[in-house]
Amino acid sequence: MQFQGAAAHPLAQPQLLEDSFPSLYTASSADLTPTSTPTTPTSIAAPFELSIGATASPILQSIAPPLEPQPTGIVHTTLELYPQVTTGVPWHRISPTPAPNVAACRNNYSRPLTPVYQPNPNAYPYKFNSMDSANIFAAVPGDASIPSQIAPRSPHPQPFLGIEGAGTTPLQTNKFYANLFLGQRNQSVWTHPYSVSKSIGQSPAGSWGLAVSHIDRSQLAFGPATDQDSARFFISPIGIQSLILSATELGPNSNMTVDTLEDMSVNLNLAPSVGAQPIITFPVVQGMGFVTGIYKNAQPSIDSGVFYRNVSGPFQLGSTYKYSILLEDGKNWVLYATPDSANGAPVFSLDSNTTLTGPANWSGTIMVSKNTAGADGEAVLDRSAGVYPVSVDIFGSASGAAAQYGFRFGKAGEVQKTLFHYALPHHVQSFDANTAARQTLLTLNTTTKGIATGFTADSWTMVEPNLPVDMSFAPWSLDRGNLPTISATAQCAVVAAAEAELQQDIPAQTNLDSMYFSGKGLAKFATIVYAARDLGGNAELANQGLKELKAAFDVFVNNQQRNPLVYDSSWKGVVSSAGYGDPNADFGNSYYNDHHFHYGYHVYTAAVIGYLDPSWLTEKNVNYVNTLARDFANPIRSSQFPFSRAFDWFNGHSWAKGLFESADGKDQESSSEDSFASYGLKLWGKVIGDANMEARATLMLAIQNRSFNNYFLMQSSNTIQPRQIINNKVTGILFENKVDWATYFSDAWWCKQGIHMIPVHVPSAYIRKPSFVREEYDTFMSNGRIAQAEGGWRGILESNLALVDPGTAYNFFADPNFNMTLLDGGASLTWYLAYSAALAGL
């Protein structure tokens, strides 16, 4: 089923729900080439070759250009600033406490635990073998109003730049197209495999339109070598204007606006001046196989900063006219012009090496696509010429241990034809049989997501067959599932650690000036309390800690923390009040940075409290937590929050960057905190009985598992990312346009690796495969090198070792002389002991 809140797209046209597609897939080349040459046009002269200055259908031979073409672009080799970047290890806010006495727990010693608590592994919440939801994109049940204690506030410090109708409905803040309304508004937008950007008269094309670029893998620039014999980074050059869809009416005074800001698409409009009607509209859709401009009474000017070498055509394809283009960089493109019914065939003239000009006062669509497969590839593109996507609706369901989700593309133009679209590797790996059968031979490199593959279909369906449906609060492993029990010896150690750590000042560690650090502190104590009861078996100790944890969480429910939340009625979301004076405060939370990281810890904490004490699940508490969940993971398009602010259902993971312009697009630094946010949603859905939320979050975990192991966590067998970076084992910060083995706060290797571990928790064993963990350990940490890690990062790395050598990890944390300064502000000795013991079977 389609998720709630979907509305008709202003550009979409009526269409059949069933895909109708010609037999043009990879079974044989004959299917792809119905004729050896394109059909000769009937309404204009036959195609021929022409020199500069000629009209109709030219082919430009090599000549001495007046300016040099620019086929190489530029690269940014330094990180942009990130709000509130710490200059050292960021976990020194917490004063360490003395290590608990766990020495007496060795040698199989056990002590009476009164009262004894023993969870039933065959009952809730551990026994769960099926997950059923007919529509995982159903609204969160219950009160959907913003809690009264969270006051509305407007305007937001970030103004609306060129957004039509802004302020009336929720706007996406973390999606791929945000550069269109941030900063100078001329940075690139990555749809994969293409990128587009507003052209502002740059030399040599001197054009004012929408520039289209595609980067081959051979064009990547690599950074200096690392100690593990890999490149520090790779980046795709920007600024290469292969083609520019413009009009002669556009110039320095032209105005760009955007409208219909949805989760996977946006409309970009160009007008000659502010206040004038747009003369070109571009529906920008993730994965689009063509870049399409809808012209309205304008004279098309198709420009190139790389320079035309050859242009041939037109070739008539029904009501569409095709031009084949060879640029000076040796790359082939195809242009399709489809006039509106009142317009004749488009006759283009080649005015210079950079400019191909069409007829005046022309209306219709112009579509361009790169062709890397010769005549066979061109035949694939021919079949979809004239039809283009304008929107995407997502659907999904779950049954048993499997789930499916998919995209239904809204389309316009010649809607009787079938769309051509590019899929990323993780899509292709999970396509159902029907979608997989629509594969074509066309492939294009993406900037940071490997090779995209072309498919001809109006909808896609992906299947995740092995969901971790039984994953709950207890440690979990791939082969054994839930592990809710540990030995008496380990219980003794866990309880001893919990007794000591629950003596700490919980309010001082949770009511901080940051939703992020506060959330980490809350989740730390939630994990301690859970481990003390269900794993340690000491309900009395757990109840004492739970009482304090509830009081600490109540501060946030009542919105009485140091920097209260507000409801931003401009962009529509819940943000920290701190950033209204300083955009950098709390990592840019007020500008929608990192909400899934920040609020994910709070949602997890609430799930633990609600599990341990169901009476806590009052309307007030549930409404508050649901509000946080809907802010970053709303399952519908509603009047208060956008759909799925953080998680990008096309890319298969979240983006952390909010309302900040970026030359290399959106980025994410911590894959592990991304999956932890999904895990928190899964538990919260379980506790409040929202089966749709639980299924949706479990599916998100499965998609993250697939995408992270393709794009972020790199085993030696990885064939998606360039070989030159594989030995780094993690990407570091993954942008839309580059991968940089770095963090925003430290250049230490343990931070670069550890930021993709933190927090080491239940989903870690699902996401981080044993073979990967072992390779990473051997590359960086073996032979005592793990001891190089400083402060809390040492604890993170040692706990991560539990995924492959839990006995060694347990002994590290059970050492009587354990140094408590090796725990970060969101970690506890209690959990590390319980987690490693459970995985080790101790």
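Modeller: Let us begin with proline 155, which sits in the loop that runs between strand 1 (152-153) and strand 2 (189-190). Please keep in mind that this is a predicted model.

Biologist: What makes the bond between serine 154 and proline 155 a cis peptide bond?

Modeller: Its omega is about 0°, and the bond joining serine 154 to proline 155 is cis. A cis bond also links serine 203 and proline 204, with omega about 10° there. Proline 204 belongs to the loop between strand 3 (195-198) and strand 4 (209-213).

Biologist: The loop between strand 1 and strand 2 also holds arginine 185. Why is arginine 185 called buried?

Modeller: The cut-off for buried is under 20% relative accessible area. Arginine 185 has 12% relative accessibility, so it counts as buried. Its phi is positive, about 65°, although arginine 185 is not a glycine.

Biologist: Where is serine 644 found, and what is its phi?

Modeller: Serine 644 is in the loop between helix 10 (619-633) and strand 29 (647-648). Its phi is positive at about 45°, and serine 644 is not a glycine either.

Biologist: What does alanine 373 contact, apart from its neighbours within four places in sequence?

Modeller: Its contacts there are Leu441 and Leu442. Threonine 443 is 70 residues from alanine 373 in sequence, and their C-alpha atoms are 8.4 Å apart in space.

Biologist: How do you know whether valine 140 is buried or exposed?

Modeller: The relative accessible area of valine 140 is 11%, and the limit for buried is under 20%, so valine 140 is buried. Valine 140 is part of the loop between helix 1 (29-32) and strand 1.

Biologist: Which residues does valine 140 touch beyond four places in sequence?

Modeller: Asn626, Arg630, Pro635, Asp690, Met693 and Arg696 are in contact with valine 140. Alanine 691 lies 551 residues away along the chain, yet its C-alpha atom is separated from that of valine 140 by 9.9 Å.

Biologist: Let us turn to the helices. What makes you describe helix 16 (residues 792-800) as mostly covered?

Modeller: Nine of its nine residues are buried. Among them are Trp793, Arg794, Ile796, Leu797 and Glu798. The buried residues of helix 16 pack against helix 13 (749-754), helix 15 (770-780), helix 17 (806-813) and helix 18 (829-840).

Biologist: How do helix 17 and helix 18 pack, and why is helix 17 called roughly antiparallel to helix 18?

Modeller: Two packed helices are described by the angle and the distance between their axes. For helix 17 and helix 18 the angle is about 150°, and the axes are 8 Å apart. Angles over 145 degrees count as roughly antiparallel, so helix 17 is roughly antiparallel to helix 18. Their crossing is left-handed.

Biologist: Which residues of helix 17 and helix 18 meet?

Modeller: From helix 17 come Pro806, Gly807, Ala809, Tyr810 and Phe813, and they meet Leu829, Tyr832, Leu833, Ser836, Ala837, Leu839 and Ala840 of helix 18. By class, this contact has ten nonpolar residues, two polar ones and no charged ones.

Biologist: Now the whole protein: how many helices and strands does it have, and what percentage of its residues count as buried?

Modeller: The protein has 18 helices and 33 strands. Of its 842 residues, 65% count as buried. Among contacts between residues at least 6 apart in sequence, 72% join residues at least 24 apart.

Biologist: What pLDDT does the protein average, and where is pLDDT below 50?

Modeller: The average is 90, and 87% of the residues score at least 70. Over residues 14-51, however, the pLDDT is below 50, and this stretch has 78 contacts in the model beyond near neighbours in sequence. Residues 84-93 also stay under 50, with 24 contacts beyond four places in sequence.

Definitions and conventions:
Residues are numbered from 1 along each chain as its sequence is written. This is a predicted model: local features need pLDDT of at least 70, side-chain atom pairs count only at pLDDT 80 or more; totals for chains, interfaces and linings use all residues. Side-chain values use heavy atoms; hydrogens and water are left out. Buried means under 20% relative accessible area, exposed over 50%, partly exposed in between (1.4 Å probe, protein chains only). Helices (H or I, at least four residues) and strands (E, at least two) are DSSP runs, numbered from the N terminus. Contact means heavy atoms within 4.5 Å. pLDDT is the predictor's confidence in each residue, from 0 to 100. Axes are lines fitted to C-alpha atoms, for helices over the stretch in contact, and angles run from 0 to 180 degrees between N-to-C directions. Angles under 35 degrees count as roughly parallel, over 145 as roughly antiparallel, 65 to 115 as roughly perpendicular and the rest as oblique. A crossing is left-handed if the near helix is turned anticlockwise from the far one by less than a right angle, and right-handed if clockwise. Ala, Val, Leu, Ile, Met, Phe, Trp, Tyr, Cys and Pro count as nonpolar, Asp, Glu, Lys and Arg as charged, and the others, Gly among them, as polar.
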